[in-house]
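Biologist: Could you walk me through how to read a contact between two chains?

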Amino acid sequence: MDADIKWLDDPETFRVNQLPAHSDHYYYGNYNEWRHNNSRFVQNLDGQWQFNFAENPRKREEDFYKIDYDSSSFGTIEVPSEIELNNYAQNNYINTLIPWEGKIYRRPAYALSPDDGQEGSFSNGDDNTVGEYLKRFDLDSSLRGKQVRIRFDGVERAMYVWLNGHFIGYAEDSFTPSEFDLTPYIQDEDNVLAVEVFKHSTASWIEDQDMFRFSGIFRSVNLLAQPFIHVEDLNIRPIVTDNYQDGIFNVDLQLHGEKTGNVNVRVFDNDGNTLINETHPVDSTVKVQDQFLENVHLWDNHDPYLYQLLIEIRDDEGNLVELIPYRFGFRRIEINNDHVVLLNGQRLIINGVNRHEWDAKRGRAITMDDMTSDIHTFKKNNINAVRTCHYPDQIPWYYLCDDNGIYMMAENNLESHATWQKMGAIEPSYNVPGSVPQWRDVVVDRARTNYETFKNHTSILFWSLGNESYAGDNIVKMNEFYKKHDDSRLVHYEGVCHTPEYRDRISDVESWMYLPPKEVEEYLKDNPDKPFMECEYMHDMGNSDGGMGSYISLLDKYPQYFGGFIWDFIDQALLVKDPISGQEVMRYGGDFDDRHSDYEFSGDGLMFADRTPKPAMQEVRYYYGLHK
Amino acid sequence: MAYTNKLRVIYGDATLGLSGDGFHYIFSYERGGLESLKLNGKEWLYREPMPTFWRATTDNDRGSGFNIRSAQWLAADTFHKCVGIDLTVDNQHFAELPIAPITNEFSDPVSAENVKIKYTFETLTVPATQVTVTYEVNGYGEIKVMMHYYGHEDLPSLPVVGMRFIMPTVANGFDYQGLSGETYPDRMAGATEGTFHVDGLPVTKYLVPQENGMHMDTRALTITRDSTQNNADHSREPFSLTIKQAEQPFAFSCLPYTAEELENATHIEELPLARRTVLVVAGAVRGVGGIDSWGADVEEQYHIPADRDVEFSFVLNAK
């Protein structure tokens, strides 16, 4: 198959040859590798890559992926990083409107008519900048002779991949891992990987998040080899029984490779006691079923107790082939007959924040230090919950939340704000995904990828279908996906508040954003049939966060109210050198001559962009400390 | 000493001078206020303290249109119209300001135990209302400042009601007894009470410069400087001014900029070089709000309604 640039225009083509999403477990060759977090099966490709920038698709080097292409004119770029922050393309911050507002007239394909394919909309778009990346590499010796795939952890926004001149695949969904099998074409030495990244595709309509609009390979790239027997997916299902004391443990493994050897599954508590120890012959599916555990130690924010799962795969001679560790907790979330959300049988209160991934110098290409610093800030200020607004985060963040007892609302990569709201008014005439059939599979795929990748994380209490995308049949389908696959979590979606006709089919909880305290109380007084939360509240732009007590006091009056997520955790501002003063200064929307912009609206954090707290933080610490 | 705990009164032809042990004050008849506040030879005033009614627009103010609805308070904050001065020395009330020839018969020195001078301002609003600022000085050099805002129902809600002092040089820092951090009426529950030191005059680095640095419920404040504009003053020894509450605690901010200077900048680095100290002592402070930044108003109990009188006081050079 050859790559086709027309896929950029087609909402029904969003993954080509991309491997199915699976659990985010790490795997190792032995215990020592686990201890040092250094798997023999992984080869990291981050670093300097060759790079060519094109202002639009017509100006790109179409043949750059071919093995005889002379790339001596290419520059270099750091992977991961944002193309814009390397000063190839203009920075732009825009909130609800689409980034080509006032520049290009477009409508989403098929939104207005089933015949309206909007051909060339992006494949020939004047604003569609292109990054062409080349990476030459030799395969590490420990990966040679094995099945090898490549994993891109995050690429905005549409990507074509070639290896040694052969087309490998195409992917969208910027914020989830994209994996492709390289085995047919990979060599031990002198491989040439070519990645072509387009800033815009039909995905741009559903990735219209309130943020700086970047593009590029902004998260890590790794080669992953598979041992000859390999666990492709694990699905851990720890269940807390109705007495909130005992546990039932299930795990399903999907295996790839040869059907030989054994799988040993063990579960340990924190004292090293073995609670489960089962060995099964390797098969395409291996299950540990309904193991009853008396008096399990429950997981919550105060006591994020995790059990250790260890999976060993051994060949027929007993040699260790693959080792998979995973830490999981027992916890139970539900809504009781009084419409109160319970965690482990106790009322759940969300003292939450929305968190964009942000670093003042690196944009969304954040570092592990950024993540651990944010967790530290959460703990220090009684923040017990995070909404991954408005896309899935880097994988380590989910592990950090498990370890630290941070309740997570794991949101899909979906926001189509510009298609249904104009200048504050609801105007959904060309809304997507809406109920447009051609936009169904792409959003359900995003729900599936989010679920399959992160399903084992104890910290996730809620799946969120996305942000500010109105509602229609396609969001119903996303809701159905989660309901069908996961009965251990609740589903959240705020946008349905504009479309009451979908209320019974979307979202387990009633969620509004920025509803003033008096109106929250109106809802709560009226014997609500769904528990209530604010997925965004206390808008922390500039000098703000006044009146928080009015929300917090409602928690004492109404058990159906279970709190909310402050908007938001950290200012989106960029640290740049001011040519006038010579100082390093913070810049926001519009500061790069970027128009249309939403200017300082990029700065709504409890933290300044340099990760120092705003003065309001002491207020948050106090009020969030009242219902810890 | 004959004049211990007594003020020496200097009847000038455009000013009234008051001095005592370690202090010397000059009240101007022409400039609408206290022109000089000198303690131990160090000047504390760059210009006369004036009533202040504006705060640099916050993002929430802008989003809710408060700055537009209440814009006339910006004019009232920028320009001041003094319409009357009323002087009482001990029990003697002067129907007319005491300059020559009235004072030609006075002797020097004249002493007094208590001097009260009241400035009346007409606000540059439509309609106008009145504000009085009364300075009452005792023999120890303590100045009790009383401000009274006369409510008027046809005026828009106020950003702040206070007095603004501009000091000639940048302070080294300040110490206060009150609440931790930056606080506002609707954002002070999380603060702890105590005594706090602040180094320098930090401006909270909100992306767009705006109202910042307020401290609610303050009992005492000491500002420390080590420089003056006096060319003959070669000392860099630190010196301080202490302000204490009178009947009630006060709110204050101590920054290098006026509200107008903050208002003019779209980024921190556009603010002028810090060269003075701007102290606002406030009797009423509007909340900052937080419901949203595109329309929601500050909760009503944290507004400053224009139709209600505001009266507050504090003591300068408190002992």
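**Reading the A–B contact**

Modeller: Start with one pair: Asp610(A) and Lys205(B) join their side chains in a salt bridge, 2.7 Å from N to O. The term stands for a side-chain nitrogen of Lys or Arg within 4 Å of a carboxyl oxygen of Asp or Glu. This is a predicted model, where local features need pLDDT of at least 70 and side-chain atom pairs pLDDT 80 or more, while totals for chains, interfaces and linings use all residues. Residues are numbered from 1 along each chain as its sequence is written, chains are lettered from A and ligands numbered from 1 in the order written, and side-chain values use heavy atoms, without hydrogens and water.

Biologist: How many salt bridges does the rule find across the interface of chain A and chain B?

Modeller: Three.

Biologist: And how much area do chain A and chain B bury between them?

Modeller: Buried area is the accessible area (1.4 Å probe) that two parts lose on being put together, summed over both. Here that's about 2,800 Å², with 55% of it on carbon and sulfur atoms. On the chain A side, Asn543(A), Tyr588(A) and Gln618(A) lose the most area to chain B, together 25% of what that side buries.

Biologist: How many residues does each chain bring to the contact?

Modeller: Contact means heavy atoms within 4.5 Å. By that rule, chain A brings 38 residues and chain B 34.

Biologist: Is H7(A) mostly covered or mostly open?

Modeller: Buried means under 20% relative accessible area (1.4 Å probe, protein chains only), and helices are DSSP runs of H or I, at least four residues, numbered from the N terminus. H7(A) is mostly covered, with seven of its ten residues buried, including Tyr551(A) and Leu555(A).

Note on methods:
Buried < 20%, exposed > 50% of the residue type's maximum accessible area, 1.4 Å probe, protein only. Helix = DSSP H or I, 4+ residues; strand = E, 2+ residues; numbered from the N terminus.
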